[in-house]
Amino acid sequence: MRGRAALVVGAMIAGIGLAAPAVAAPSINGAGSATVAQEVTDPTPGPEVACQAVLTIAAQWPGGYQGVVTVTNVSSVPIRWRVVITFPDGTTITLPPGFVVARNGTSWWVHPPMWAEILPPGASASVSFVAGTTGAHTAPTVTCVATPV
């Protein structure tokens, strides 16, 4: 199905010890939150779709942390979703079984399992990951990509 696709970049950093300037990559060592949003549309007529991704740092330790990305369908129609997580150079991640991951430079494209890829309007899904880092922890940016079903 062809349609208008929207890309919403959203990074809301919350949780254990995060600092998050609104325009720069947030540091995980302070306290606060940041939200960045941008919409890109395809001129092809059809249903308008969008999703929002929120990153929460669940735990952290020297050399790594656990993150949870929650994706919400903010459209009025069902969507297929995926998330792009962009880390500072040198970060590695581990995801639960069933998620398909493709890496391009510092960006990790995370595709949900087939049974979880469609979100009805207003529904949410989450993916947890463990990040291994070298040096200071810097929170990644998250981008949710929605396509019409």
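**View 1. Ring pairs join Y65, F87 and F129 into a cluster.** Welcome to the close-ups of this predicted model. A search of the whole structure turns up two aromatic pairs, and the next two views take them in turn.

**View 2. Y65 and F129 form an edge-to-face pair.** A pair of aromatic rings is described by the distance of the centres and the angle of the planes. For Y65 and F129, the centres are 6.3 Å apart and the planes stand at 75°; planes over 60 degrees apart count as edge-to-face, so this pair is edge-to-face. If you trace the chain, you will find Y65 in strand β5 and F129 in strand β11 (residues 124–132), so the pair links distant parts of the chain, 64 residues apart. Y65 is buried, with a relative accessible area of 0%. F129 is buried as well, at a relative accessible area of 1%.

**View 3. F87 and F129 make an aromatic pair.** Here the centre-to-centre distance is 5.7 Å and the angle between the planes is 85°, an edge-to-face arrangement. This pair, too, links distant parts of the chain: F87 sits in the loop between β6 (79–86) and β7 (92–94), while F129 belongs to strand β11, and the two are 42 residues apart. Both F87 and F129 are buried.

**View 4. Strands β4 and β5 pair in the antiparallel sense.** Now follow the strand that carries Y65 to its partner. Strand β4 covers residues 51–61 and strand β5 covers residues 64–73, with 10 bridges between them. To find your place along the pairing, look for V54, whose bridge partner in β5 is T70. Two residues lie between the strands of this hairpin, and G63 takes a positive phi near 90° there.

**View 5. G67 is a buried glycine in strand β5.** The relative accessible area of G67 is 0%. What is G67 in contact with, leaving aside its neighbours within four places in sequence? The contacts are L55, T56, I57, V127, S128 and F129. One of them, I57, is 10 residues from G67 along the chain, and the C-alpha atoms of the two are separated by 4.5 Å.

Definitions and conventions. Residues are numbered from 1 along each chain as its sequence is written. This is a predicted model: local features need pLDDT of at least 70, side-chain atom pairs count only at pLDDT 80 or more; totals for chains, interfaces and linings use all residues. Side-chain values use heavy atoms; hydrogens and water are left out. Two strands pair if DSSP finds at least two bridges between them. Helices (H or I, at least four residues) and strands (E, at least two) are DSSP runs, numbered from the N terminus. Rings of Phe, Tyr and Trp (its six-membered ring) pair if their centres lie within 6.5 Å; planes under 30 degrees apart count as stacked, over 60 as edge-to-face and the rest as tilted. Buried means under 20% relative accessible area, exposed over 50%, partly exposed in between (1.4 Å probe, protein chains only). Contact means heavy atoms within 4.5 Å.
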